[in-house]
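Please read the points below with the model open beside you.

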Amino acid sequence: MQRGRKSALKSAAFDFDVRQRRLQPPSYLSDVERELFQRVVGSVSPQHFAQSDVPLIESFVRATLLSRDAAPKDATDAEALANWEKATRLQAMLATRLRLTPQARTDPKTLARQQTPLLNPPWER
């Protein structure tokens, strides 16, 4: 008979199948949107997103596709350029909120430690 508190490891059943924990795209998305949704979700660790992030990911996917489609073919088309700029700003803002950009994922303190030292520091010149 075991004394004291029972181990949580013995009583918990763990599911190590990572594919089950990844978010699935909503059924109403188009095939292109669904594919991009899966690429975004698959590009990060399975624990990165929660179920509550699905609407933001969906908006990010649509903004990305809008930005691709609205890219101005002619630099003189002001309306196309304005549409592309708005879609790209929305895409960048959502990417930051979803922690998909490098500056949103990285802590500045750890980033400084990862940089390689200068070959010739200024004080040795």
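1. Buried here means under 20% relative accessible area, exposed means over 50%, and partly exposed lies in between. The model is a predicted one, and by that scale Glu85 is partly exposed because its relative accessible area is 36%, whereas Arg89, at 58% relative accessibility, counts as exposed. The side chains of Arg89 and Glu85 meet in a salt bridge, with 2.7 Å from N to O, and both residues lie in helix 5, four residues apart, which is about one turn of the helix.

2. The structure holds four salt bridges. One of them joins Arg34 and Asp31 at 3.0 Å, N to O; since these residues are three apart in helix 3 (residues 31–42), about one helical turn separates them. Arg34 is partly exposed at 24%, while Asp31 is exposed at 61%.

3. Arg62 forms a salt bridge with Glu33, the closest N and O atoms being 3.1 Å apart. This pair links distant parts of the chain, with Arg62 in helix 4 (residues 54–69) and Glu33 in helix 3, 29 residues apart. Glu33 counts as buried at 15% relative accessibility, and Arg62 is partly exposed at 34%. Together with Glu58, Glu33 and Arg62 are linked in a network of salt bridges.

4. Arg99 deserves a look: although not a glycine, it has a positive phi of about 60°. Arg99 is placed in the loop between helix 5 (78–97) and helix 6 (102–105), and it counts as partly exposed at 42% relative accessibility.

5. The count comes to one cavity of 30 Å³ or more, and about 40 Å³ of space lies in the largest cavity. Its lining divides into four nonpolar, one polar and two charged residues, among them Arg21, Arg22 and Phe49.

Terms used:
Residues numbered from 1 in each chain as written. Predicted model: local features only at pLDDT ≥ 70, side-chain atom pairs only at ≥ 80, totals over all residues. Heavy atoms only, no water. 1 Å grid on protein atoms, 1.4 Å probe; cavity = no way out; pocket = protein on both sides within 12 Å on 5 of 7 lines; lining within 4 Å. Points joined across faces, edges and corners; volume = space filled by probe spheres on them. Nonpolar A, V, L, I, M, F, W, Y, C, P; charged D, E, K, R; others polar. Helix = DSSP H or I, 4+ residues; strand = E, 2+ residues; numbered from the N terminus. Buried < 20%, exposed > 50% of the residue type's maximum accessible area, 1.4 Å probe, protein only.
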